[in-house]
Amino acid sequence: MLPEGLTIYTTSLNVVRKEIDDCRRLRHIFDTHNIKYKEVDLSNNKVISKNQITKKSLEAGLPQVFVGENFLGTFDTIEQWNENEDMLMSKLNEAGYKPQSEEESRRFDEEMQRQTEEIAAKEIQEQKDIRNPPPEPKFQFTSEASQKTYGDLPEKTREVLAKLSVVPQESDVDLLRFMTIKHHAKVLDKMESGTEHQEIYSNLIEDLKREKKLQFMREMGLVDDDVVDPNDTLKELHAKSEERDKKREESIQAAREAASHQHKAEVAALEANKLAEQQRQWEEMASKREERRQQEEAARQREEELRANAPMCEPNHCNGPSPYSAIYRHLGDIQDIRTYLPARPAHHWGSDKDKFQAMLAEQQRETSEVEKKFKAYQEEFWKANCRPTEESGSPQ
């Protein structure tokens, strides 16, 4: 019978990581909402077994939540209800949840402790009974059987005993009368194998004790199949105990190996995800570098095309074709603009002052026209080919 009230059945056996984590999260949910509950650890519980819980809930994993005998759900169910606090409390109330006082919790812990101690004491007593079986009952035979002497034994039995260098005691005579051909052959075989006579005689007495007991059981009306040697029973119990311990160790080892394989699989999955993320980042960086390289290559090609279509600029001027080359094309009769820009010195003209002044006036007029054409073309060229700067707006 399961305890009353809200009870969670957990495990502290660190074999399956998911169960340990779910138990911890379930306790955290109930503690956060201040929900009173009782916890029963099934990892080493002698009062309530995990098999008993799984039969009622039809769920194999832990933790499991019960309200009395009613199964409420696993951690996944409670976690879904926890998304809405009202839903969690309404489900608990529907299942019959009632907050328990500290006194009730204390009585529950004391009752569990008492039952555990009783079961442990019972197991200890059973182990003692197995190790120290009760003494064999002393069978009482008729006075006629107990009065037999060594000389009353069969001749064949006395011949076999004479070959042993052991003197039988008077208390053993009543056992030696149960010797048969089977015992005679067994004694002779051991003597031929070199076994010590005292050991042969001790084993013979033990066999005869069992034979005497069997005969008594036959006289009591029991068949041979019902006669069981206590030593054989003890050996059988020991064998079953060893087999049970062996199976338990194998199951624990299998659970540990499964948990280890699961942990290795999780670690491998995390490493694979990490490598995939790194590969994605590398590919993204490579794609960005390739895109930037293509943009730079396209810009370089456009610049080369622009430079190929026009002559290069003079030093410290714009990046497009030189405005002086346009002056060369528009002023076909002027071959060198530099000869019209500076004023010619007076001594270059000789002594004819009028001629000098006329030519100087003509030079100034031509220079003025050339400067106007040069400035007009320069502004037109800058607007068409040069980039303005961010601060002043002047061409670069």
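How much accessible surface does the protein chain have, and what share of it belongs to carbon and sulfur atoms? It comes to about 28500 Å², and 50% of that belongs to carbon and sulfur atoms; such areas come from the Shrake-Rupley method with a 1.4 Å probe, and for residues only the protein chains shown count as cover. Keep in mind that this is a predicted model, where local features need pLDDT of at least 70, side-chain atom pairs count only at pLDDT 80 or more, and totals for chains, interfaces and linings use all residues. Residues are numbered from 1 along each chain as its sequence is written, and side-chain values use heavy atoms, with hydrogens and water left out.

**The whole chain**

- Of the 396 residues, 25% are buried (under 20% relative accessible area with a 1.4 Å probe, protein chains only; exposed is over 50%, and partly exposed is in between).
- Take the contacts (heavy atoms within 4.5 Å) with a separation of 6 or more: 63% of them are between residues 24 or more positions apart.

**Helix α7, one side and the other**

- Thr157, Val160 and Leu161 are buried in α7, which runs over residues 155–163.
- They share a side of α7 because they cover an arc of only 95° around the axis, going by the directions from the helix axis to the C-beta atoms.
- Here's the background: an α-helix has 3.6 residues a turn, so residues three or four places apart point the same way.
- Glu155, Ala162 and Lys163 are exposed on the other side of α7.
- What do the buried residues of α7 pack against? Their partners are α8 (173–176), α9 (181–192) and α10 (197–219).

**Rings and a charge**

- There are 3 aromatic pairs, where rings of Phe, Tyr and Trp (its six-membered ring) pair if their centres lie within 6.5 Å; planes under 30 degrees apart are stacked, over 60 edge-to-face, and the rest tilted.
- Phe30 and Tyr37 form a tilted pair, because their ring centres are 5.6 Å apart and their planes are at 50°.
- Phe30 counts as buried because its relative accessibility is 0%.
- Phe66 and Phe71 are tilted too, with centres 5.2 Å apart and planes at 55°.
- Phe66 is buried at 0% relative accessibility, whereas Phe71 is partly exposed at 30%.
- Ring pairs join Tyr9, Phe66 and Phe71 into a cluster.
- The charged end of Lys38 sits over the ring of Phe108, 5.4 Å from its centre (the rule is NZ of Lys or CZ of Arg within 6 Å of the ring centre and within 35 degrees of the ring normal).

Notes: Helices (H or I, at least four residues) and strands (E, at least two) are DSSP runs, numbered from the N terminus.
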